[in-house]
Amino acid sequence: MGSLGTVSEATEVLQRVFGYDAFRGNQQDIIEHVVGGGDALVLMPTGGGKSLCYQIPALVRPGTGVVISPLIALMQDQVDALRTVGVRAGFLNSTQDSYARREVEEAFLDGELDLLYLAPERLRVEATMRLLDRGKVSLFAIDEAHCVAQWGHDFRPDYLELSALHERWPDVPRIALTATATDATREEIAHRLNLTEARHFVASFDRPNIQYRIVPKNEPKRQLLKLLQTEHAGDAGIVYCLSRASVEKIADFLVENGIEALPYHAGLDSRTRAANQARFLREDGLVMVATIAFGMGIDKPDVRFVAHLDLPKSVEGYYQETGRAGRDGLPSTAWLAYGLADVVQQRQLIDKSEGDDAHRRRLNIHLDAMLALCETVECRRGQLLAYFGQSQEENCGNCDSCLTPPEAWDGTIAAQKLLSTVFRLRKERGQKFGAGQVIDILLGKTTDKVRQHRHDQLTVFGKGSELRDTEWRGVVRQLLAQGLLGVEGDFGTLVLTEGSNQVLFEQRQVRLRREPERTRAPKAAKSSAKAKAAIELTAEAEPIFERLRSWRGETARELGLPAYVIFHDATLKQIATELPSSLEALGTISGVGENKLAKYGDQILAVLAEVV
Ligand code: ADP
Ligand code: ZN
């Protein structure tokens, strides 16, 4: 190293413009392939570093890189972030007035743009196509490429039009990127985008700095509050809920308990939504309580936790949502509280969903995979990676299964007791009851409802006293999750399935997960052997970091930019630890590129001079 000739142009851009030392994972291969004019299909987890894979080729190749992205609301921020590192970027979408649009178009035609962001629907407009014909396009990047796939969960019809890019500009390389990556989705993307010749780059889907935890849901609000107060005080994070009503309720609850939280869901008017999103991005330490309408493309790097209070509908969805935590590589938590009611509710939603049987079957396959993840006694990460067709060599040491291993137990007899209770109620008496009544019968509780229906006369009455109420709920939940029990109708009536019959009459074994007595809150940093070495601040560095953070906050407010666009936490931590005393030394810190050094270098040194 050393002499400029041995450093590739791409590496030079990485270091000079973005201020990073080295490429991550397969970034370099991807970038070299696209710089050389090849098509690429890139599968990389959220936070893996997809943006550089098209931004650097766009800077190296002559012409403008055109980025197709469905995330109109975020284009301004993306463009602002690029401009702070000195990249000439612009966007065209429906939020602009014609004057602003004309300006961007002219910059493009004059060859003064490195990157141009476009909403997919703009490509339907012939005028946009002609504009692109008249300028020089260096590459097409298709972000969130899974939007073209119907198998996935964010299908957008406008994306189907993107197959035309290849016909109109056969010589311009195309790079499609997504974080959603089962084989089925990947094949569909390649096929629909006409990317048959593209090289596929599949990154490891592991996000070692994220700690995965799935806990039984008892008192969700309390559990959430405890998580935030004990492990994530003052941290930015996202709490996902299924419904608008629960979003509002949880946001209010957190605010009442002294946590700065904002709601986000499709029922809010667009101005409030945009304002809440902007605050979440710009301010430090806010909690966003949201439906899954929130988050696609949010590239805030310092989201420290993602909490789910309701069961996601698919592992893809779960992985994408949790992937929004810890993009900066620092330790982060993905926490999901999950209970019997979730399973019942999701099954009901699928039964009632519109669409044909094939559609419902697909939804059930997605849900079953999600339930299997929740109920596994194995390493969660191992199971997640296996879902994406990847494997890990040993257990991760950074998920709840690894940290507090649950026991597996032979639940065959318990299952048989429960199923035969359902059998007596349904088959013998034609009655419809949910889990609560079935469990009361097993526990031998003489409630009014039990007496009224004479359920104390059943032979199974009181035959389940070896398990507590919550344990029985766990049994029901797991039988539902494994398809060994079914649920029907609006009141969650339990019914027998094919699988139930095997357990009842064919001695099919049932393995169940026993929750560890108490899930101790695991220490993130020490447990995550494989997590990137997080910078632990010393007692001396801590106040310096805080001082740098408040400088960053003021600067961001003055410029109207999100704080992380100025510098990431990781960068400020490194500065607070290494205390560079010259611009040259400051320039060697990861995340400090040429442009930011010129813009903020003196101010940083002044802050350090004050406090050191
Ligand atoms: P994705 O789009 O895949 O979710 P991003 O492109 O937003 O991920 O990158 C995630 C974060 O990682 C960003 O903050 C980015 O600046 C940072 N990053 C990407 N590549 C590198 C690298 N080679 N070195 C250091 N940081 C990087
Ligand atoms: Zn694990």
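**Helix H3.** I began with helix H3, residues 51-60. Helices here are DSSP runs of H or I with at least four residues, and strands are E runs of at least two, both numbered from the N terminus. Eight of the 10 residues in H3 are buried, so the helix is largely enclosed by the rest of the structure. Buried stands for under 20% relative accessible area, exposed for over 50%, and partly exposed for what lies in between (1.4 Å probe, protein chains only). I listed the buried ones: Leu52, Cys53, Tyr54, Gln55, Ile56, Pro57, Ala58 and Val60.

**Ground rules.** This is a predicted model, in which local features need pLDDT of at least 70 and side-chain atom pairs count only at pLDDT 80 or more, while totals for chains, interfaces and linings use all residues. Residues are numbered from 1 along each chain as its sequence is written, chains are lettered from A and ligands numbered from 1 in the order in which they are written, and side-chain values use heavy atoms, with hydrogens and water left out.

**Ligand 1.** I then checked the surroundings of ligand 1. Of the 15 residues around it, Tyr20, Gly47, Lys50, Ser51 and His568 come nearest; the cut-off is a heavy atom within 4 Å. A polar side-chain atom of Lys50 sits 2.8 Å from an oxygen atom of ligand 1. For Arg24, a side-chain N or O atom is 3.1 Å from an oxygen atom of the ligand.

**Zinc ion, ligand 2.** Which protein atoms are the donors of the zinc ion? They are the SG atoms of Cys379, Cys396, Cys399 and Cys402, 2.3 to 2.4 Å from the ion. Donors are N, O and S atoms within 2.8 Å of the metal (3.2 Å for Na, K and Ca); water is not among the atoms, so sites may look incomplete. The sequence spacing reads C-x16-C-x2-C-x2-C. The angles run from 101 to 117°, which makes the arrangement tetrahedral; for four donors, that term needs all angles between 85 and 135 degrees. Cys399 is buried at 0% relative accessibility, whereas Cys402 is partly exposed at 21%.

**Gln437.** I finished in helix H18 (residues 435-443), which holds Gln437. Is Gln437 buried or exposed? Gln437 is buried, at 5% relative accessible area. Its side chain makes a polar contact of 2.9 Å with that of His455. A polar contact is an N or O pair within 3.5 Å; within protein, one atom must be able to donate a hydrogen and the other to accept it, and residues adjacent in sequence count only through two side-chain atoms.

Note on methods. Four donors count as tetrahedral if all angles lie between 85 and 135 degrees; four count as square planar and six as octahedral if opposite donors are over 155 degrees apart and all others between 65 and 115; anything else is irregular.
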